[in-house]
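Dear colleague,

I am handing over the structure we spoke about, which you will find just below. My notes on it follow.

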Amino acid sequence: MKSIETIAFKEGSLHLIDQRKLPGHYEIFVCSDYRDVEFAIRDMVVRGAPAIGATAAYGVYLAARDLSTLEGEAFLRELKKACDVLEASRPTAVNLRWAIRRMYTLADKESAKGIRFVIERLKKEADLIHAEDIETNHRMAEYGGELVPEGARILTHCNTGALATAGWGTALGVIREAYSKDKSIFVYADETRPRLQGARLTAWELVQEGIPAKLIPDNAAAFLMQQGKIDLVMVGADRIATNGDTSNKIGTYMLSICAKEHGIPFYIVAPVSTIDFEISSGSQIPIEERSAEEVTHIGGVQIAPETIDVYNPAFDVTPGAHISAIITDRGVLRPPYAEAMKLLQEELQ
């Protein structure tokens, strides 16, 4: 299977599939500087934690390129300001912070070798982060594919495919792997209100690759479980605490409760870069709240009274106790997660 090219750096600019326009229109959004990148992340031209991280890495490079006339501390000071702007674009996805810190740390370390050298190194590092993500996704797909039984009926939420990463996907990458191994799977894709990433993006990817699937309203998922039509739930993550608590697209927590009630395995698929080793529980994860218009309007059409107050959290937190396993690029983590995370962190050091 050939993966969708979500992110590409060519002709001196960052090219992104504009995910706001899918599935009706396939358009490329071109980022010429880091401000374009900040907008692309904030306005969800690009979304999905791994894709945000890779995009932000190129944003740091573009910022550095624009600062090429500066030297030494002045260069680093202005680059740090640009990094802070990029990091503030979306607060929940830890991959954003991880990629920006990795890029800035490199710039700081190599600054004595000259700004031109630093800028060249930053481009190579952004390319490396991009390539690593694709490789990481394939490793997760292999680990996760072993957990998918023959004929599995899989429920997924939001979009975790190639569009959410640098290529291939996290949870949807595992589904791709299972389909490519002729496991006769079937996918139920939640529409994922309010931005409908499941309806617009996951459904589009499933159709593109001919994977058998049905799109369902979010509130039909529990009924399908009750009917015995779901064998496992597989979703992505935007940040994972060291006790296994996981933030993901709003609605994930509800699915985990329903899965637990019906004895259905509930899997998280995310790279190690999504684990925040600095926090011990989900209560420490900042939850982004987005505009009221995402709820009161669909496709620009108003569906609610103008004066109604709206609460629109972009993410929720699923307790580690609800999660059967966390599939990473370093293997499958199982409860107790605090112990598994400790061993993983030691391995990474």
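K81 and E78 form a salt bridge, with 3.2 Å between the closest N and O atoms, a salt bridge being a side-chain nitrogen of Lys or Arg within 4 Å of a carboxyl oxygen of Asp or Glu. Because K81 and E78 are three residues apart in helix 3 (residues 72–87), about one helical turn separates them. A search of the whole structure finds 27 salt bridges.

Please keep in mind that this is a predicted model, in which local features need pLDDT of at least 70 and side-chain atom pairs count only at pLDDT 80 or more, while totals for chains, interfaces and linings use all residues. Residues are numbered from 1 along each chain as its sequence is written, and side-chain values use heavy atoms, with hydrogens and water left out.

As for the overall form, the chain has 11 helices and 15 strands, where helices (H or I, at least four residues) and strands (E, at least two) are DSSP runs numbered from the N terminus. The C-alpha trace spans about 65 × 50 × 40 Å along its principal axes. The radius of gyration of the chain is 20 Å, which agrees with the value near 20 Å for a compact globule of 349 residues (taken over C-alpha atoms, the globule rule being 2.2 Å times the number of residues to the power 0.38).

The pockets and cavities come from a 1 Å grid over the protein atoms alone: a cavity is a set of points where a 1.4 Å probe fits but cannot get out, a pocket is an open set with protein on both sides within 12 Å along at least five of seven lines, and lining residues have an atom within 4 Å of a point. Grid points are joined across faces, edges and corners, and a volume is the space filled by probe spheres set on the points.

The largest pocket holds about 560 Å³ of space. Its lining has 26 residues, of which W98, R102, V272, S273 and I275 are the closest to its centre, and helix 2 (49–66), helix 4 (94–110), helix 5 (115–145) and helix 11 (337–348) are the elements that give two or more residues to that lining. By class, the lining of the largest pocket has 10 nonpolar, five polar and 11 charged residues (Ala, Val, Leu, Ile, Met, Phe, Trp, Tyr, Cys and Pro count as nonpolar, Asp, Glu, Lys and Arg as charged, and the others, Gly among them, as polar).

The second largest pocket has a volume of about 350 Å³, and its lining residues include R20, P194, R195, E294 and H297. Helix 10 (293–296) and strand 11 (297–298) are the elements that give two or more residues to this lining, which by class has three nonpolar, four polar and five charged residues.

The search also finds two cavities of 30 Å³ or more. The largest cavity, with about 180 Å³ of space, is lined by 24 residues, and R47, G48, A49, N159 and D238 lie nearest its centre. Helix 2 gives the largest share of that lining, three residues, and the lining by class has 11 nonpolar, nine polar and four charged residues.

The second largest cavity holds about 60 Å³; among its lining residues are M44, P194, R195, K249 and E294. By class, that lining has four nonpolar, two polar and four charged residues.

With best wishes
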